[in-house]
Amino acid sequence: MLSKNKIKFIRSLEMKKNRKENGVFLAEGNKLVSDLSSHFKCRLLIGTEQWIKSNNVHAEETVTVEKDDLSRVSLLKTPQDVLAVFEMPAHHVSFDKPRNELCLALDDVQDPGNLGTIIRIADWFGIRHIYCSNGTVDAFGPKTVQATMGALARVQLHYCDIKKLISSLENTPVFGTFLDGDNMYNCELSGNGLIVMGNEGNGISKDVSELINRRILIPNYPQGNETTDSLNVAVATAIVCSEFRRRQL
């Protein structure tokens, strides 16, 4: 049985301050918990007897419940067979990664779904480091974790001052998407460097944009036609990452 204290604790993890205070995050769903369990230490595992017997997940504490009991603690509209509380990783923030490999930087991305999708995109295209401004939504919030579909296990998130990061890179290419940038398909795109993606409503902030040394544009088709003002940031990230990787094939 789930105690009232456990239910209260799990539900408290919906709030960032509680996740930070306890150094943990919540994950729900059969595949997600299974994927994350081999990369993050599991403090608490709550699942049906069948799921726990069928999956070899080591946890400090395991609680077996009936499926109906999961609905009392789940944050999902349709609970599955398991949820878990994992320890947050303690990644060292190194500004040197973009010198040798392709990395992403997010300037105040606000939507959890967008961030989760971007993490999945990074995972798909082999980008292992994402630098997030301190104003970017928390990557370990329940909605973001769900949206990553397990990619959080393979992509490291670093929250830092984006301006300091870019300033430290000196001669390293720093790309940013702008409506007045150069057509991406005509530009030289490197296998290393930093790709900066901006806020959903405001794009890349003025202070950050002044530090970017490669301004690129995702052109609409046909060029010059009247169209929507901008692309969703996750969609734009996918298009840009795809073109960078295509050049390296």
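1. Let me begin with the cysteines. A search of the whole structure turns up zero disulfides, where a disulfide is a pair of cysteine sulfur atoms within 2.5 Å. As a reminder, a disulfide is a covalent bond between the sulfur atoms of two cysteines. For C160, the closest cysteine sulfur is that of C132, and at 7.9 Å it is too far for a bond. C160 has 8% relative accessibility and therefore counts as buried; buried means under 20% relative accessible area, exposed over 50%, and partly exposed in between, with a 1.4 Å probe and protein chains only. C241 is in no disulfide either, and the nearest cysteine sulfur, that of C103, is 11 Å away. C241 is also buried, with a relative accessible area of 0%.

2. A word on what you are looking at. This is a predicted model, in which local features need pLDDT of at least 70 and side-chain atom pairs count only at pLDDT 80 or more, while totals for chains, interfaces and linings use all residues. Residues are numbered from 1 along each chain as its sequence is written, and side-chain values use heavy atoms, with hydrogens and water left out.

3. Now to the sheet. Four strands make an open sheet in the order 1-4-2-3, with mixed pairing. Strands (E, at least two residues) and helices (H or I, at least four) are DSSP runs numbered from the N terminus, and two strands pair if DSSP finds at least two bridges between them. Strand 1 (24–28) and strand 3 (61–64) are at the edges with a single partner strand each, so one side of each has no neighbour in the sheet. On average, neighbouring strands here are turned by 10° against each other, direction ignored; the axes are lines fitted to C-alpha atoms, for helices over the stretch in contact, and angles run from 0 to 180 degrees between N-to-C directions.

4. Which strands does strand 2 pair with, and how do they run? Strand 2 (residues 42–47) is joined to strand 4 (residues 82–87) by five bridges, and these two run antiparallel. G47, for instance, has V82 of strand 4 as its bridge partner. Towards strand 3 there are four bridges, and this pair runs parallel; L45 stands opposite T62 of strand 3. Strand 2 is mostly covered, with five of its six residues buried.

5. A helix lies against this sheet. Helix 3 (residues 30–37) packs on the sheet and touches strand 1, strand 2 and strand 4, where contact means heavy atoms within 4.5 Å. The direction of helix 3 makes about 30° with that of strand 4.

6. On to the aromatic residues. The whole structure holds six aromatic pairs. Rings of Phe, Tyr and Trp (its six-membered ring) pair if their centres lie within 6.5 Å; planes under 30 degrees apart count as stacked, over 60 as edge-to-face and the rest as tilted. F25 and F86 form a tilted pair, 5.8 Å centre to centre with 35° between the planes. This pair links distant parts of the chain, with F25 in strand 1 and F86 in strand 4, 61 residues apart. F25 is buried at 0% relative accessibility, and F86 is buried at 0% as well. Ring pairs also link F25, F40, F86 and F140 into a cluster.

7. Which arrangement do the rings of F175 and F244 adopt? They form an edge-to-face pair, 4.9 Å centre to centre and with 85° between the planes. F175 belongs to strand 8 (residues 174–183) and F244 to helix 11 (residues 233–247), so the pair ties together parts that are 69 residues apart in sequence. Both F175 and F244 are buried.

8. Finally, some backbone details to check. Most residues other than glycine have a negative phi, and most peptide bonds are trans. Y221 and P222 are joined by a cis peptide bond with omega about -15°, and P222 lies in the loop between strand 10 (214–217) and helix 11. D108 has a positive phi, near 65°; D108 sits in the loop between strand 5 (102–106) and helix 7 (112–124) and is partly exposed at 30% relative accessibility. E170 has a positive phi of about 50°, lies in the loop between helix 9 (162–168) and strand 8, and counts as exposed at 62% relative accessibility.
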